[in-house]
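Reader: I would like to learn how to read a model like this one. Please take one feature at a time.

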Amino acid sequence: MDESLIKQLIEELGDDKVSVNKDLLNELSEDMTEIDGHKPDCIVTPECKDDILKVIGFANKYKIALTPVIANTNIGGLAIPNKGGIILNLKKMNRIVEVNEEDMYAVLEPGVTFGQLKEYLDGHHPSLRFGYPLSPPYTSVVANCLLDGLGNLSLAHGSMSSWVNGMEVALASGELLKTGSGAYTKFWYSRSPLPDLSGLFINFQGTTGIVTQMSVQLWPKKKYRKRLFILGYEIDGTYSLIKKLAVEDLYDDIGGLSWPLGKMLFGVKYPKSKDSHEPMLFVFIDISSNYEEEMSFKLDVIYKKVSEFRQKGVPLDDPFDIDVLVRLNPAFTKFTEMPTTLDFLLDHGGGGLTWVGTYGPMSQWEKGIKKGISILEGMGFPPVMVSRPMNGGHFVVLRFIILFNKKDNGEVQKVREVNGILCRSLLELGFIPYKTPPWVVEMMRNNLDPVFRNWTQEVRKLFDPNGIMNPGKWDC
Ligand SMILES: Cc1cc2nc3c(=O)[nH]c(=O)nc-3n(C[C@H](O)[C@H](O)[C@H](O)COP(=O)(O)OP(=O)(O)OC[C@H]3O[C@@H](n4cnc5c(N)ncnc54)[C@H](O)[C@@H]3O)c2cc1C
């Protein structure tokens with residue numbers, strides 16, 4: 001964009017909403033990952049839908065790329081403005097438009113953060129709860145739902161796109177489209193039973209439209225809550241236990257963290273080795289209930305299963321409450337309540353955080369875990385892994401994490417290499433990276449069903465004939 005175009009944009013929107021501040025442009029030209037950055041020409045910070053429609057109109061008229069962003073923590077290069085142009089910073093559009101207590105939904109603008117929603121619900125609607133990821137409290141709820149993220153209710157309720165009742169989207173055509181029951185009634189309670197157009201915007205990474213509002217499901221808050229830990233000393237036995245518990249339909253969340261992550265929770269900085277007596281896996285289980293008897297029953301099932309597995313020779317410790325960990329190390333307090341900031345992933349000095357995060361079949365889980373761990377160890381990286389069963393055990397999430405120094409080119413190159421090997425190996429086993437980075441789309445391209453590829457592109461062309469919406473993403 002040359003100066004005259006920027007001047008024109010300022011005239012249309014006001015100079016308080018358009019910035020060419022060099023530091024900001026630099027900041028938004030990259031993210032935490034190893035993916036190459038690209039500088040935007042300017043940053044627009046809209047305050048209402050009208051502003052968004054004006055920017056879309058402008059970008060379309062002059063065929064300027066338009067990339068929406070909120071906290072830029074997607075860990076996939078998905079908000080890097082690959083073709084420069086305008087960054088649409090949606091942070092200021094952060095109204096909680098409505099909470100309908102009886103119908104259990106909230107209507108949110110894209111800038112509403114997990115921290116904000118939690119605080120609002122606790123303060124104004126304490127009978128309701130939402131699910132929270134391990135991402136920092138300042139990240140966007142709408143972005144995570146659009147990217148099909150996961151949170152601490154994903155075992156019970158699936159990935160976060162399943163929590164969406166519908167949305168309002170600003171289209172390149174200048175229209176505002178509503179999907180879900182909101183297309184007919186003021187009650188935005190479900191995506192059923194109308195034709196479901198929401199999917200045309202989910203996982204499309206902002207390439208088909210800019211979401212201006214979203215209705216998300218809330219759930220009743222339960223009276224009793226517990227988080228248990230179980231230490232496991234080998235992969236197969238521990239994961240058979242997790243699988244058994246996942247399909248019991250009793251728990252909110254179950255997660256397995258590999259030993260480096262467990263040690264980082266204890267305050268060890270990016271540990272490279274473990275002693276033979278230390279656990280391989282830290283399993284956490286979230287349980288909630290309205291009745292004491294129900295809670296005791298759910299706990300009993302866990303203790304019984306652990307005891308059965310131990311009798312079969314699986315090396316597991318007795319389950320223990322997170323309170324025990326908090327007494328041992330107060331740093332664990334941050335893991336008792338979500339959303340939370342896992343500062344050891346963010347403030348390690350090097351600035352780089354990346355992962356290959358995938359969804360995949362439960363049947364391939366152990367194979368995927370072992371493969372990933374051996375790749376990371378073989379290339380000299382600590383095997384940092386988080387995995388969880390999702391949606392009642394219908395699929396799993398498997399994520400291998402790397403912390404690195406973004407300023408060290410050699411290290412960045414090594415990270416690219418290991419991520420490529422990890423990704424290829426997991427794709428071969430049937431896992432698919434979520435929040436799919438452009439380099440992964442490229443890797444998947446030739447094996448994607450050609451009709452799927454064609455229609456993905458057709459949908460994008462239909463919604464964005466000038467190719468201005470977050471170009472370079474989902475280019476299959
Ligand atoms: C330490 C850490 C832990 C994490 N743990 C988890 C986890 O447990 N689970 C999980 O799911 N994620 C996790 N994440 C990933 C990340 O935080 C989430 O993806 C996050 O919710 C994205 O929010 P954001 O505000 O950063 O979105 P951004 O990165 O700013 O945007 C994400 C994408 O959405 C598009 N977009 C943004 N707004 C709109 C809009 N209004 N309309 C259309 N497209 C739009 C952007 O262009 C981009 O493609 C973690 C991240 C970190 C750093």
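Author: What follows goes from the domains to the sheets, then to a helix and the ligand. This is a predicted model, in which local features need pLDDT of at least 70, side-chain atom pairs count only at pLDDT 80 or more, and totals for chains, interfaces and linings use all residues. Residues are numbered from 1 along each chain as its sequence is written.

Reader: Into which domains is the protein chain divided?

Author: Domain bounds come from an automatic or database domain assignment. Here they give domain 1 (3–89), domain 2 (96–220) and domain 3 (224–433). The centres of domain 1 and domain 3, taken over C-alpha atoms, are 36 Å apart. Contact (C-beta atoms, placed from the backbone, within 7 Å) links 4 residues of domain 1 with 8 residues of domain 3. On the domain 1 side, these are 2 nonpolar, 1 polar and 1 charged residues. The classes are nonpolar for Ala, Val, Leu, Ile, Met, Phe, Trp, Tyr, Cys and Pro, charged for Asp, Glu, Lys and Arg, and polar for the others, Gly among them.

Reader: What is the strand order in the open sheet of 8 strands?

Author: Helices (H or I, at least four residues) and strands (E, at least two) are DSSP runs, numbered from the N terminus. Two strands pair if DSSP finds at least two bridges between them. The order here is β15-β12-β14-β13-β17-β18-β16-β19, with antiparallel pairing. For β19, the partner is β16, joined over 2 antiparallel bridges, and Y359 is the bridge partner of I432.

Reader: How many residues of β14 are buried?

Author: A residue is buried if 20 or more other C-beta atoms lie within 10 Å of its own, exposed if 12 or fewer, and partly exposed in between, with C-beta atoms placed from the backbone. In β14 (281–289), 7 of the 9 residues are buried, so the strand is largely enclosed by the rest of the structure. β12 (224–232) pairs with β14 in the antiparallel sense over 9 bridges, and G232 stands opposite L281. β13 also runs antiparallel to β14, with 6 bridges; there L281 is the bridge partner of S258.

Reader: Which strands stand at the edges of the sheet of 4 strands?

Author: That open sheet has the order β1-β2-β4-β3 and mixed pairing. β1 (18–19) and β3 stand at its edges. β1 pairs with β2 (42–44) in the antiparallel sense over 2 bridges, with S19 and I43 as bridge partners.

Reader: What span should helix α12 have?

Author: The expected span of a helix is 1.5 Å times one less than its number of residues. For the 14 residues of α12 (365–378) that comes to 20 Å, and the end C-alpha atoms are 20 Å apart, which agrees. Its buried residues are W365, G368, I369, K371, G372, I373, I375 and L376. They pack against several elements, including α7 (235–246), β13 (253–258) and α13 (409–428). Just after α12, G380 takes a positive phi of about 85°.

Reader: Which residues come nearest to the ligand?

Author: A residue is near a molecule or strand if its C-beta atom, placed from the backbone, lies within 6 Å of it. Of the 35 residues around the ligand, P133, S135, N144, G149 and G206 come nearest. Elements giving two or more residues to this shell are β3 (66–69), α5 (141–146), β10 (210–217) and α11 (343–346). α5 gives the most, with 4 residues. By class, the shell has 22 nonpolar, 12 polar and 1 charged residues.

Conventions: Contact = placed C-beta atoms within 7 Å.
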